Amino acid sequence: MQYTYGPKAHEVMGVLFWYKVITLPLILYTAIHYKKQELYYYQNLGVSKLTLGVCTSVFDFSLWLTLSVITFNHI
């Protein structure tokens, strides 16, 4: 059974894109604020909490965007 959104696919992708853009900073803030006692390993390596959060967020968003574009083009 195949489900398609047809002409609404662009709208769905737009909603998912903005959802990802809005939730990434919220998750980054939450991780830095509430898990600050658990990031000493990375601080001992010389990586700041902000650098760690930004790098992982950029990697996550890039991977999500790449896979979304590939999937959207194959539909």
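Tutor: The protein averages a pLDDT of 84, and 91% of the residues score at least 70, where pLDDT is the predictor's confidence in each residue, from 0 to 100. This is a predicted model, in which local features need pLDDT of at least 70 and side-chain atom pairs count only at pLDDT 80 or more, while totals for chains, interfaces and linings use all residues. Residues are numbered from 1 along each chain as its sequence is written, and side-chain values use heavy atoms, with hydrogens and water left out.

Confidence is highest in H3, at a mean of 89, and lowest in helix H2 (residues 40–44), at 82; helices (H or I, at least four residues) are DSSP runs, numbered from the N terminus.

Let us begin with helix H1. Its 26 residues, 9–34, should span 38 Å at 1.5 Å a residue, and this agrees with the 36 Å between its end C-alpha atoms, the expected span being 1.5 Å times one less than the number of residues. The buried residues of H1 are Ala9, Lys20, Thr23, Leu24 and Leu28, and helix H3 (49–74) is included in what covers them. Buried means under 20% relative accessible area, exposed over 50%, and partly exposed in between, with a 1.4 Å probe and protein chains only.

Now to the pair itself. A search of the whole structure finds 1 salt bridge, that is, a side-chain nitrogen of Lys or Arg within 4 Å of a carboxyl oxygen of Asp or Glu. Lys20 forms a salt bridge with Asp60, and their closest N and O atoms are 2.8 Å apart. The pair links distant parts of the chain, since Lys20 is in helix H1 and Asp60 is in helix H3, 40 residues apart. Side chains of opposite charge can pair when their charged atoms come close. Lys20 counts as buried because its relative accessibility is 17%, whereas Asp60, with a relative accessible area of 29%, is partly exposed.

Pro7 lies in the segment before H1 and is exposed, with a relative accessible area of 75%; Pro7 and Asp60 are 53 residues apart in sequence and 28 Å apart in space, C-alpha to C-alpha. Ile70, by contrast, is placed in helix H3, and it counts as partly exposed because its relative accessibility is 43%.

Conventions: Helix = DSSP H or I, 4+ residues; strand = E, 2+ residues; numbered from the N terminus. Contact = heavy atoms within 4.5 Å.
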